[in-house]
Amino acid sequence: MALAATGLLWRSLSGSSASLLVASAVALAGMGIGNVILPPLVKRYFPDRVGTLSSVYITVLQVGTILPALLAVPVAAAAGWRVSMGLWSLLAVAALLPWLVVLRRERDPHNPLARLHDQAVRSGDEAPELAAPAVRGRVWKTGLGWGMALMFGMTSLVTYALFTWLPGLMVEAGTSAAFGGTMLALFSALGLASALVMPSLAARMRNPLPIAVLCAACHLAGFAGLYWAPLAAPVLWVSLLGLGPGTFALSLTLVNLRTRSPAGSAALSGFAQGVGYALSCLGPLLFGVLHARSHGWGASFAFLAACVGLMLCGAWLACRPGYLEDRW
């Protein structure tokens, strides 16, 4: 959060393109670390309420993707672009403060939990999270790790491609730019529904693969509708596409449901999101390249359909009952 706050404030004070890019890298580094460590923090502090806390933070994550898009331009028009960009550093500072309180309490020798932990270590009885087998560097050897990476990465790839191209696709089909923006807002808003429902639902299921299959069916039906009859029922097609990325919330929840310890959760989260985000950044680019070369949307939608197929392969590996620490 300190990196994010520093980078965001630095961006608003930048006087050159180079400075803006470096500041953006600093801010995004902080955000990326935050993305990876949130699941293990839920595992560490709320191991008996994984579904509930996952719903809370994933919902707030979804809201956080909507608010800047709504507020950035009005704030820039009223107070200037520097204020509009620097404003978000205040949120990073606000997120930093409670964690400083947690850190101070954990280091307080008078804290009862800290004393019990120290006594256990001195007596040779390690705390449960310390007794977990070392998992760092081993996740790539497991089907679970690659399944999580594929499910997370392919879901993100399809979502980013649609975020980038959905408005243009609607305009090319014959609608107004305003209608295309409305459809993008609908697509984003439906992510809130999956964030609220998916983690709690997954926590109650031994194998949540049927959820992934249903999400894939929503994606494929939405692709077919937008390709063959985009103006016949655009709200229906976009609604189906908005329900498809429910596997994003599912994958973040499975990070904790498929690990025994915070260490395992951290290792799985880092691998799945690291590989997944590396794959997902190709989505908007390849979707656009295929559209430009074919002068149509067929090849682009076929590419997304293939990615949904890979997502299902990953989901089959990730949803199987069991724990990461038992997989090698």
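**Close-up views of helix contacts and a cavity**

**Figure 1. Residues in the contact of α2 with α13.** In this predicted model, Asn35, Val36, Pro39, Pro40, Lys43 and Arg44 of α2 meet a set of residues in α13, namely Pro262, Ser265, Ala266, Ser269, Gly270, Gln273 and Tyr277. Sorted by class, the residues of this contact are 6 nonpolar, 5 polar and 2 charged.

**Figure 2. Geometry of the α2 and α13 pair.** Helix α2 covers residues 17-45 and helix α13 covers residues 262-280. Their axes come within 8 Å and cross at roughly 155°. Angles over 145 degrees count as roughly antiparallel, and α2 and α13 are therefore roughly antiparallel to each other. The crossing of this pair is right-handed.

**Figure 3. Crossing and contact of α2 with α12.** The axes of α2 and α12 cross at roughly 45° and come within 9 Å. That angle makes α2 oblique to α12. The crossing in which α2 passes α12 is right-handed. On the α2 side the contact is made by Pro39, Pro40, Val42 and Lys43, and on the α12 side by Leu252, Val255 and Asn256. These residues divide into 5 nonpolar, 1 polar and 1 charged.

**Figure 4. The largest cavity and its lining.** A search of the whole structure finds 1 cavity of 30 Å³ or more. The volume of the largest cavity is about 60 Å³. Its lining consists of Asn35, Leu38, Tyr57, Leu61, Phe152, Phe248, Leu252, Gln273 and Tyr277. At least two lining residues are supplied by each of α2, α3 (50-79), α12 (246-257) and α13. By class, the lining has 7 nonpolar residues, 2 polar and no charged.

**Figure 5. Crossing and contact of α8 with α14.** Helix α8 (residues 143-173) and helix α14 (residues 282-294) have axes that come within 7 Å and cross at roughly 40°. The two helices are therefore oblique to each other. In α8, the residues in contact are Leu157, Tyr160, Ala161, Thr164, Trp165 and Glu172, and they meet Gly283, Pro284, Phe287, Gly288 and His291 in α14. The contact divides into 6 nonpolar, 4 polar and 1 charged residues.

Note on methods: Residues are numbered from 1 along each chain as its sequence is written. This is a predicted model: local features need pLDDT of at least 70, side-chain atom pairs count only at pLDDT 80 or more; totals for chains, interfaces and linings use all residues. Side-chain values use heavy atoms; hydrogens and water are left out. Axes are lines fitted to C-alpha atoms, for helices over the stretch in contact, and angles run from 0 to 180 degrees between N-to-C directions. Helices (H or I, at least four residues) and strands (E, at least two) are DSSP runs, numbered from the N terminus. Angles under 35 degrees count as roughly parallel, over 145 as roughly antiparallel, 65 to 115 as roughly perpendicular and the rest as oblique. A crossing is left-handed if the near helix is turned anticlockwise from the far one by less than a right angle, and right-handed if clockwise. Contact means heavy atoms within 4.5 Å. Ala, Val, Leu, Ile, Met, Phe, Trp, Tyr, Cys and Pro count as nonpolar, Asp, Glu, Lys and Arg as charged, and the others, Gly among them, as polar. On a 1 Å grid over the protein atoms alone, a cavity is a set of points where a 1.4 Å probe fits but cannot get out, and a pocket is an open set with protein on both sides within 12 Å along at least five of seven lines; lining residues have an atom within 4 Å of a point. Grid points are joined across faces, edges and corners, and a volume is the space filled by probe spheres set on the points.
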